[in-house]
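Please have the structure open as I speak.

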Amino acid sequence: MKTFFMIKPDGVRRNLVGEVISRVEEKGFEITKIKMMMISKSLAEEHYGEHKDKPFFNDLVEFITSGPVVAMQVEGENVVAQIRNLMGATNPSDATPGSIRGDLATELDQNVVHGSDSDTSAERELNLFFSE
Ligand SMILES: Nc1nc2c(ncn2[C@@H]2O[C@H](COP(=O)(O)OP(=O)(O)OP(=O)(O)O)[C@@H](O)[C@H]2O)c(=O)[nH]1
Ligand SMILES: [Mg+2]
(Lines give C-alpha, C1' and ligand atoms only; values in the text may rest on other atoms or scores of the structure.)
(Ligands and ions follow the chains in the order given, each with its own letter.)
Protein backbone atom coordinates (compact mmCIF):
# COMPACT_ATOMS: atom_id res chain seq x y z
CA MET A 1 0.00 0.00 0.00
CA LYS A 2 1.08 3.58 -0.68
CA THR A 3 0.36 7.03 0.68
CA PHE A 4 1.33 10.63 -0.02
CA PHE A 5 3.13 12.30 2.87
CA MET A 6 4.51 15.83 3.03
CA ILE A 7 6.51 18.02 5.37
CA LYS A 8 4.89 21.45 5.14
CA PRO A 9 6.78 24.77 4.88
CA ASP A 10 6.79 25.29 8.68
CA GLY A 11 8.49 21.92 9.18
CA VAL A 12 11.15 22.72 6.59
CA ARG A 13 11.69 26.24 8.01
CA ARG A 14 12.12 24.79 11.51
CA ASN A 15 14.67 22.21 10.28
CA LEU A 16 12.43 19.28 11.23
CA VAL A 17 12.95 17.34 7.99
CA GLY A 18 15.36 14.82 9.53
CA GLU A 19 13.26 14.42 12.68
CA VAL A 20 10.05 13.75 10.74
CA ILE A 21 11.67 11.40 8.22
CA SER A 22 13.30 9.47 11.07
CA ARG A 23 9.92 8.83 12.66
CA VAL A 24 8.55 7.44 9.38
CA GLU A 25 11.61 5.25 8.84
CA GLU A 26 11.89 4.09 12.44
CA LYS A 27 8.26 3.04 12.41
CA GLY A 28 9.21 0.70 9.57
CA PHE A 29 7.87 2.37 6.47
CA GLU A 30 9.77 2.72 3.22
CA ILE A 31 10.13 6.08 1.48
CA THR A 32 10.06 5.16 -2.21
CA LYS A 33 9.93 8.69 -3.70
CA ILE A 34 11.02 12.01 -2.21
CA LYS A 35 11.59 15.56 -3.42
CA MET A 36 11.94 19.06 -2.03
CA MET A 37 9.88 21.52 -4.06
CA MET A 38 7.90 24.73 -4.10
CA ILE A 39 4.16 24.18 -4.58
CA SER A 40 2.58 26.46 -7.22
CA LYS A 41 -0.68 28.26 -6.47
CA SER A 42 -2.54 26.05 -8.96
CA LEU A 43 -1.16 22.83 -7.47
CA ALA A 44 -2.07 24.06 -3.98
CA GLU A 45 -5.63 24.85 -5.04
CA GLU A 46 -5.99 21.46 -6.66
CA HIS A 47 -4.42 19.57 -3.74
CA TYR A 48 -6.68 21.29 -1.20
CA GLY A 49 -9.71 21.36 -3.56
CA GLU A 50 -11.92 19.65 -0.96
CA HIS A 51 -11.56 22.78 1.21
CA LYS A 52 -12.22 25.39 -1.49
CA ASP A 53 -15.45 26.61 0.13
CA LYS A 54 -13.99 26.83 3.65
CA PRO A 55 -13.25 30.25 5.17
CA PHE A 56 -9.61 29.28 5.71
CA PHE A 57 -8.96 28.16 2.10
CA ASN A 58 -7.00 31.25 1.01
CA ASP A 59 -4.82 31.12 4.13
CA LEU A 60 -4.21 27.42 3.52
CA VAL A 61 -3.06 28.03 -0.06
CA GLU A 62 -0.90 30.97 0.99
CA PHE A 63 0.73 28.93 3.75
CA ILE A 64 1.44 25.80 1.70
CA THR A 65 3.05 27.92 -1.05
CA SER A 66 5.10 30.03 1.42
CA GLY A 67 8.29 27.96 1.20
CA PRO A 68 9.65 24.60 0.13
CA VAL A 69 7.97 21.37 1.16
CA VAL A 70 9.30 17.80 1.16
CA ALA A 71 6.92 15.52 -0.73
CA MET A 72 7.09 11.74 -0.33
CA GLN A 73 5.57 8.47 -1.45
CA VAL A 74 5.57 6.12 1.53
CA GLU A 75 4.89 2.40 1.36
CA GLY A 76 3.99 -0.24 3.92
CA GLU A 77 1.24 -2.21 5.62
CA ASN A 78 -1.96 -0.17 6.10
CA VAL A 79 0.20 2.88 5.48
CA VAL A 80 -2.58 5.47 4.97
CA ALA A 81 -4.08 4.94 8.43
CA GLN A 82 -0.77 4.28 10.14
CA ILE A 83 0.81 7.50 8.84
CA ARG A 84 -2.27 9.43 10.03
CA ASN A 85 -1.68 7.87 13.46
CA LEU A 86 1.97 8.89 13.43
CA MET A 87 0.91 12.46 12.47
CA GLY A 88 -1.63 12.87 15.27
CA ALA A 89 -4.81 14.94 15.26
CA THR A 90 -5.17 17.86 12.82
CA ASN A 91 -5.13 20.39 15.66
CA PRO A 92 -1.87 20.04 17.62
CA SER A 93 -3.85 20.97 20.76
CA ASP A 94 -5.66 17.65 20.40
CA ALA A 95 -2.71 15.60 19.15
CA THR A 96 -1.37 12.99 21.55
CA PRO A 97 2.21 13.38 22.80
CA GLY A 98 4.29 10.88 20.86
CA SER A 99 2.71 11.89 17.58
CA ILE A 100 4.45 14.28 15.15
CA ARG A 101 1.93 17.08 15.69
CA GLY A 102 1.66 16.30 19.41
CA ASP A 103 5.41 16.63 19.87
CA LEU A 104 6.40 19.24 17.29
CA ALA A 105 3.54 21.72 16.77
CA THR A 106 1.23 24.05 18.68
CA GLU A 107 -0.98 25.71 16.04
CA LEU A 108 -3.74 24.35 13.78
CA ASP A 109 -2.59 26.21 10.69
CA GLN A 110 1.09 25.25 11.11
CA ASN A 111 0.91 21.57 11.83
CA VAL A 112 4.16 20.39 10.17
CA VAL A 113 2.87 17.50 8.07
CA HIS A 114 0.23 16.35 5.61
CA GLY A 115 -0.84 12.78 4.94
CA SER A 116 -3.52 11.41 2.64
CA ASP A 117 -6.74 10.58 4.49
CA SER A 118 -7.86 7.59 2.34
CA ASP A 119 -6.64 5.26 -0.40
CA THR A 120 -8.55 7.38 -2.92
CA SER A 121 -6.87 10.59 -1.72
CA ALA A 122 -3.50 8.84 -1.72
CA GLU A 123 -3.82 7.87 -5.36
CA ARG A 124 -5.05 11.34 -6.33
CA GLU A 125 -2.32 13.15 -4.41
CA LEU A 126 0.50 10.84 -5.57
CA ASN A 127 -0.60 11.51 -9.15
CA LEU A 128 -0.64 15.26 -8.50
CA PHE A 129 2.85 15.36 -7.02
CA PHE A 130 4.69 12.51 -8.75
CA SER A 131 3.05 12.23 -12.14
CA GLU A 132 6.08 12.85 -14.37
N1 LIG B 1 -7.12 28.34 9.88
C2 LIG B 1 -7.73 27.13 9.88
N3 LIG B 1 -7.05 26.11 9.32
C4 LIG B 1 -7.65 24.91 9.35
C5 LIG B 1 -8.94 24.66 9.92
N6 LIG B 1 -9.24 23.34 9.78
C7 LIG B 1 -8.19 22.81 9.13
N8 LIG B 1 -7.24 23.73 8.88
C9 LIG B 1 -5.96 23.56 8.17
O10 LIG B 1 -6.25 22.92 6.95
C11 LIG B 1 -5.50 21.74 6.81
C12 LIG B 1 -6.31 20.72 6.05
O13 LIG B 1 -7.42 20.32 6.84
P14 LIG B 1 -7.88 18.81 6.92
O15 LIG B 1 -7.65 18.16 5.59
O16 LIG B 1 -9.26 18.80 7.47
O17 LIG B 1 -6.92 18.22 8.03
P18 LIG B 1 -5.84 17.07 7.91
O19 LIG B 1 -6.26 16.08 6.86
O20 LIG B 1 -5.50 16.56 9.26
O21 LIG B 1 -4.60 17.90 7.44
P22 LIG B 1 -3.82 17.79 6.07
O23 LIG B 1 -3.00 16.58 6.22
O24 LIG B 1 -3.01 19.07 6.00
O25 LIG B 1 -4.82 17.67 4.94
C26 LIG B 1 -5.15 21.31 8.23
O27 LIG B 1 -3.93 20.63 8.28
C28 LIG B 1 -5.06 22.65 8.96
O29 LIG B 1 -3.74 23.17 8.90
C30 LIG B 1 -9.60 25.77 10.51
O31 LIG B 1 -10.71 25.67 11.03
N32 LIG B 1 -8.95 26.99 10.47
MG1 LIG C 1 -6.58 16.57 4.87
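Let me start with strand 1 and strand 3, which run antiparallel and are joined by 6 bridges, where strands and helices are DSSP runs numbered from the N terminus (strands E, at least two residues; helices H or I, at least four) and two strands pair if DSSP finds at least two bridges between them. This is a predicted model, in which local features need pLDDT of at least 70 and side-chain atom pairs count only at pLDDT 80 or more, whereas totals for chains, interfaces and linings use all residues. Residues are numbered from 1 along each chain as its sequence is written, chains are lettered from A and ligands numbered from 1 in the order in which they are written, and side-chain values use heavy atoms, with hydrogens and water left out.

Within that pairing, lysine 2 has glutamate 75 of strand 3 as its bridge partner. Strand 1 is also joined to strand 4, again antiparallel, by 3 bridges, and here isoleucine 7 stands opposite valine 113. Because 5 of its 6 residues are buried, strand 1 is largely enclosed by the rest of the structure; buried means under 20% relative accessible area and exposed over 50%, with partly exposed in between, for a 1.4 Å probe and protein chains only.

Now to helix 7, residues 119-129, whose buried residues are Ser121, Ala122, Glu125, Leu126 and Phe129. The face turned away from the buried side of helix 7 carries the exposed residues Thr120 and Glu123.
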